[in-house]
Amino acid sequence: MLEDRTTAASSSTTWPAAYPQGYAVVDVETTGLARDDRIISAAVYRLDARGEVEDHWYTLVNPERDPGPVWIHGLTSEVLEGAPVFQDIEEEFTARLRGRVLVAHNAVFDWQMIAREYARAKREAPVRQRLCTIALSKELDLPLPNHKLESLAAHFGVVQRRAHHALDDARVLAEAFRPSLLAAAAGGVRLPLHECRPLTEWSDRPAPLIGQQAGYGGYRTGSWRPSRKRPACPYPNPGRYEEGKRLKQGMRVAFSGDTSVDRDLLEDRATEAGLHVATSLSRLTSLLVTNDPDSGTSKVAKARQYGTPIVDEAAFGQLLRDVEPADG
């Protein structure tokens with residue numbers, strides 16, 4: 001069925017007028033997942049309105065700090081030492097992103113890492129919208145066992161040669177995105193486009209030097225914040241989460257304590273899944289996410305008082321993979 005729809009779209013003279021005019025399929029490898037982590041390599045495949053490849057580009061980036069999980073990305077301090085810093089590649093990166101929708105697998109993460117690098121360089125990323133291929137595969141109801149890139153690639157017969165290498169991951173995603181786009185066009189599917197909110201400031205703060213062992217002399221952490229608040233959740237609150245069941249769009253979710261994944265990234269993932277991210281805990285809160293349920297924080301104490309369900313970060317991540325749509 002999907003193949004028939006894809007073929008029909010590719011041969012049709014009509015195309016959804018609301019679809020974007022071009023895409024930048026992006027993959028970045030990073031030193032980690034936190035807000036102070038850095039990009040160490042980046043790749044961009046530019047695609048036209050119908051997903052055909054126009055060109056591609058790849059670069060290493062010197063993060064000026066420890067490279068992080070070398071066992072995942074394979075980029076050592078020695079390899080990165082002679083690479084350009086982000087400010088040196090910013091102009092080329094900008095030219096490849098400008099006027100296009102940023103496409104990535106788990107696009108919230110790639111967008112936030114890119115936006116922070118631009119903010120550090122006192123620039124604004126030229127991206128106004130992003131499209132997550134995980135969200136698109138859900139819209140298309142693809143029969144995937146999970147939402148890993150390798151599963152999406154296998155579904156479309158795309159061969160992955162070097163996992164966690166930015167250029168190959170971007171190639172794989174570009175090759176899997178084109179048939180997804182054509183299927184969406186053939187089926188009249190609305191693309192899951194999300195606004196990219198630029199960061200308004202980045203300021204260095206005094207902090208212990210990190211990464212001196214990498215030979216870069218260390219770096220200092222910084223802070224950032226979005227320029228605007230998240231949009232209001234469009235769905236009504238269906239009530240509390242029940243153990244063993246799915247999360248449902250509109251549920252109010254609060255977070256407490258430290259998380260291994262950057263808090264803002266977790267909150268953006270929840271928002272994009274249709275959940276209401278609450279800054280405080282009340283009787284209306286559907287779920288509290290915390291890795292330390294015995295911490296005694298005010299949110300944990302209120303959750304105990306109100307009988308609000310509590311799950312840890314790992315369990316919440318699993319629940320986010322399959323959020324039930326809101327009623328009607």
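The following legends describe close-up views of a predicted model.

**View 1. Six strands form an open sheet.** The strands are arranged in the order β3-β2-β1-β4-β5-β6, and their pairing is mixed. Strands β3 (53-60) and β6 (193-195) each have a single partner strand and stand at the edges, so one side of each is left without a neighbour in the sheet. From one strand to the next, the twist averages 25°.

**View 2. Strands β1 and β4 run parallel.** Strand β1 (residues 22-30) is joined to strand β4 (residues 101-104) by three bridges. Ala24 stands opposite Leu102 in β4. Helix α5 (residues 107-120) lies across β1, β2 (39-48), β4 and β5 (129-132), and runs at about 80° to β1.

**View 3. A salt bridge links Arg100 with Glu54.** The closest N and O atoms of the pair are 2.7 Å apart. Arg100 lies in the loop between α4 (86-97) and β4, whereas Glu54 lies in strand β3, so the pair ties together parts that are 46 residues apart in sequence. Arg100 counts as buried, at 18% relative accessibility, while Glu54 is partly exposed, at 45%.

View 4. Arg96 is buried, with a relative accessible area of 12%, and Glu92 is partly exposed, with 34%. Both residues belong to a network of salt bridges that also links Arg46 and Asp55.

**View 5. Glu124 and Arg128 meet in a salt bridge.** Their side chains are 3.0 Å apart, N to O. Glu124 is partly exposed, with a relative accessible area of 45%, and Arg128 is partly exposed at 48%.

Definitions and conventions:
Residues numbered from 1 in each chain as written. Predicted model: local features only at pLDDT ≥ 70, side-chain atom pairs only at ≥ 80, totals over all residues. Heavy atoms only, no water. Pairing = 2+ DSSP bridges. Helix = DSSP H or I, 4+ residues; strand = E, 2+ residues; numbered from the N terminus. Axes fitted to C-alpha atoms, helices over the stretch in contact; angles between N-to-C directions. Contact = heavy atoms within 4.5 Å. Salt bridge = Lys/Arg side-chain N within 4 Å of Asp/Glu carboxyl O. Buried < 20%, exposed > 50% of the residue type's maximum accessible area, 1.4 Å probe, protein only.
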